[in-house]
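Visitor: I am new to this structure. Please take one part of it, the contacts that side chains make with one another, and go through it closely.

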Amino acid sequence: MMAKKWLSVTLMMIVMSVGVLAGCGSEKANNSSGSTNGNSEADASLLDSIKSRGKLVVGVKYDTKLFGLKNPASNEVEGFDVDIAKALAKSILGDETKLELKEVTSKTRIPMLDNNEIDLIVATMTITEERKEQVDFSEVYFKAGQSLLVKKGSAIKSIEDISKGTKVLAVKGSTSVDNIIEKAPDATVLEFDNYQDAFAALKAGQGDVLTTDNAILYGMMAQDAGYEVVGEPFTDEPYGIAIKKGETALVDAVNKELAAMKSSGEYKKIYEHWIGEAPSE
């Protein structure tokens, strides 16, 4: 009896052990399978995702004449940056209409890229060493320089005329703020969310001068002939297309298209249409 009882207990323990081992093996297999799927998704590039979804989502400005400005008559966003975005959509997806534009500002563009709300930033974004730590950039696609916009007849003719008591208007999140603080440390800098608000403040007499890249200021001057750009540019502002860190395939695709546009003359055509002159070499 004791022998039979001992044998039964032994058999039961063996069965239980086999069950536990089988469960562990199954769990290990499931974990392995999950890990593989995760790696597969992580390894898929953003460029592949764009092609799979059949749409390129680009962040552009809606308030910057010549580069990205929403036309109230047509409700369409128009400008140099928009045409560059269209060319990229055509290159990547074969059709420039497979493009979704989302509004960004200097302050919101990097967070929107990080949150996967947009694939690219094409929005008058200056390449800086600090920004290179946050995003990857394409090659330079536009060369600008920071300058000053004033009401015609203003005593301010250059950066040297900005002194203590001068109210300078600029946009939050732009390199213009840091630059003007460095170049004119005694000035009072007032920051706005976007360029149209800053320009409206200048016209309302809330400031003496508005500063940002000269190309953007020329757009404001085109809106109101009572204002002019004065002085020589006092910085170099090379614009780049920003892409999420590590997406080398997309960076390469963008650079390839920019080179092709310059080689074919398409870039020159877009530049002359919006800027009114041929691009500098």
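Guide: A salt bridge is taken here as a side-chain nitrogen of Lys or Arg within 4 Å of a carboxyl oxygen of Asp or Glu. The model is a predicted one, and by this rule the count of salt bridges in it comes to 6.

One of them joins arginine 53 and aspartate 119, with 2.7 Å between the closest N and O atoms. Arginine 53 belongs to helix H2 (residues 46-53), while aspartate 119 is in the loop between helix H4 (109-114) and strand E6 (120-121), so the bridge ties together parts that are 66 residues apart in sequence.

Another salt bridge is made by aspartate 193 and lysine 172, at 3.2 Å from N to O. Both ends are in loops: aspartate 193 between strand E11 (188-192) and helix H7 (195-203), lysine 172 between strand E10 (167-171) and helix H6 (175-183); the pair therefore ties together parts that are 21 residues apart in sequence. Aspartate 193 is partly exposed, at a relative accessible area of 41%, and lysine 172 is partly exposed as well, at 27%.

Lysine 203 lies over the face of phenylalanine 199, 4.5 Å from the ring centre.

A further salt bridge is within a single helix. Glutamate 272 and lysine 268 have their closest N and O atoms 2.9 Å apart. The two are 4 residues apart in helix H10, which means that about one helical turn separates them. Glutamate 272 is partly exposed, with 33% relative accessibility, and lysine 268 is partly exposed, with a relative accessible area of 41%.

Helix H10 can now be looked at from its other sides. Its buried residues are Tyr267, Ile270 and Tyr271. Seen down the helix axis, these buried residues fall within an arc of 100°, so they line one face of H10. What do they pack against? The buried residues of H10 are in contact with H3, strand E8 (142-144) and helix H9 (248-264). On the face turned away from this buried side, H10 carries the exposed residues Lys269 and His273. Just after the helix, glycine 276 takes a positive phi of about 90°.

Phenylalanine 67 and tyrosine 239 are both buried.

The aromatic partner of tyrosine 267 in another edge-to-face pair is phenylalanine 80, at 5.9 Å centre to centre and with 85° between the planes. Phenylalanine 80 lies in helix H3 (residues 80-93) and tyrosine 267 in helix H10 (residues 266-275), so the pair ties together parts that are 187 residues apart in sequence. Phenylalanine 80 has a relative accessible area of 0% and is therefore buried. Tyrosine 267 is buried too, at 8%.

These pairs belong to a wider group. Ring pairs link Phe67, Phe80, Tyr141, Phe142, Tyr239, Tyr267 and Tyr271 into a cluster. Tyr267 and Tyr271, members of that cluster, are also among the buried residues of H10.

Conventions:
Residues are numbered from 1 along each chain as its sequence is written. This is a predicted model: local features need pLDDT of at least 70, side-chain atom pairs count only at pLDDT 80 or more; totals for chains, interfaces and linings use all residues. Side-chain values use heavy atoms; hydrogens and water are left out. Buried means under 20% relative accessible area, exposed over 50%, partly exposed in between (1.4 Å probe, protein chains only). Rings of Phe, Tyr and Trp (its six-membered ring) pair if their centres lie within 6.5 Å; planes under 30 degrees apart count as stacked, over 60 as edge-to-face and the rest as tilted. A charge sits over a ring if NZ of Lys or CZ of Arg is within 6 Å of the ring centre and within 35 degrees of the ring normal. The arc is that of the directions from the helix axis to the C-beta atoms. Contact means heavy atoms within 4.5 Å.
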